[in-house]
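Here are my notes on this model. Please read them beside the coordinates.

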Amino acid sequence: MADLYRVLPEEMDVLVTELGQPRYRSQQLLQALYHESPKKVSDLHQIPSSMRDALVKDGYMIGPENEVNRVISKDGHTTKILLKFDDNALVETVLMQYSPSQDKTHPRSTVCVSTQVGCPMGCVFCATGQMGFEKNLKAENIVSQVLHFSDILSQRGEHVTNLVFMGMGEPLANYDETIRAVRLLTHPRAFGLGQRSITISTVGIIPGIDRLADEDLQVKLAISLHAPNDELRRKLVPTAGPNSVGDLIAAAKRYFKKTGRRVTFEYALIEGINDSIKLASELACILKGNGAHVNLIPMNPTAGGFQRPDRKKVLAFQQVLRNGDVNCTVRVEKGAEISAACGQLRTDMIKKIR
Ligand code: SAH
Ligand code: SF4
């Protein structure tokens, strides 16, 4: 069986021709898939029933996804859902909305997708890392997460404006399916989101970063650094293995050289672990002069007992970086009270089920 939501437009052209149909049917099919939210092949009324039958006979389907839980933050800006796919995979997706700027009528609506069920990387402060690794998601599962929120938004006259690969899992450890999903979501004949509106976040899989630099894609890249030296980083990211902080910075430089796009370094700030002024200076020192951007993420508390530093400490850390000529922002707090850090909702839900 093959899901129609993993078929790229070029592949759809071939498929339609093989079914003996005129080429324009391919566009009708894509238009229906990405703009009419069909739930099954029989919902595709835009194409003749003989063609629908032929698709089913050839093993094509639309995999169901069920929303099993939804939580909305008190301010209404963050919505987190748990989706169940037909193989029983349970996956988290988050929508974060930011008020429209004065010249825009729509809010910025960023969807945060998962690429794996669980994660093999085991970062100690991350709820997903602590649940272990279950499986890779397919491109169609990633696309479905975006379309699910796209449907919700379109009912109120809004649309998805940005996409971040910051949910459960490590996107570059599921490289081919992640890139297929990016191509489907950005293809003008499919979902049509701007490539520059997409950010892929990686814990630092270096061959994946180099591969991504060679793709003809304009996506942004974020590398989760969390520490300025190897000793501390290996405690927080136990699977960092032989990759040193220096290797990651070198990979980011290569990415910039190839693509012309600067890499953001993410740094989850954990109280008493990686938030000291000394570490901020060390970080400023290693990043100085290479045009890097640091995004500080005061951590969402998870089961590991880690806490976030207070606001004063976060700002002090930021100031040290700025004084050292390193561009540094603090992530806007979104949805902490609904367990918005990746993996938390699924962990809470599974505990409840058990
Ligand atoms: N695996 C990829 C992408 C998913 S995690 C990566 O690690 O980059 C997305 C971001 O959320 C990463 O920067 C990660 O460090 C961060 N994160 C994980 N757990 C968190 C927590 N409890 N609080 C704040 N940020 C967290
Ligand atoms: Fe995986 Fe990213 Fe969580 Fe680390 S932070 S365990 S890489 S999802």
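1. H6 covers residues 175-186 and H7 residues 206-214; they pack at about 30 degrees, with axes 12 Å apart. Axes are lines fitted to C-alpha atoms over the stretch in contact, and angles run from 0 to 180 degrees between N-to-C directions. Helices are DSSP runs (H or I, at least four residues), strands likewise (E, at least two), numbered from the N terminus.

2. Ground rules: this is a predicted model, where local features need pLDDT of at least 70 and side-chain atom pairs count only at pLDDT 80 or more. Residues are numbered from 1 along each chain as its sequence is written.

3. What makes the contact of H6 with H7? H6 brings Tyr175, Asp176 and Ile179, while H7 brings Gly208, Arg211 and Leu212. Contact means heavy atoms within 4.5 Å.

4. Phenylalanine 165 sits in strand S9 (residues 162-165). Phenylalanine 165 is buried, at 2% relative accessible area. Buried means under 20%, exposed over 50%, partly exposed in between (1.4 Å probe, protein chains only). Beyond neighbours within four places in sequence, the contacts of phenylalanine 165 include Val113, Ile142, Thr178 and Val182. Phenylalanine 165 and valine 182 are 17 residues apart in sequence and 9.9 Å apart in space, C-alpha to C-alpha.

5. An unreviewed UniProt entry lists Glu92 and Cys342 under "active site". Such annotations may be inferred rather than shown by experiment. Glutamate 92 lies in strand S5 (residues 90-98). Glutamate 92 is buried, with a relative accessible area of 2%.

How values were computed:
Chains are lettered from A and ligands numbered from 1 in the order in which they are written. Side-chain values use heavy atoms; hydrogens and water are left out.
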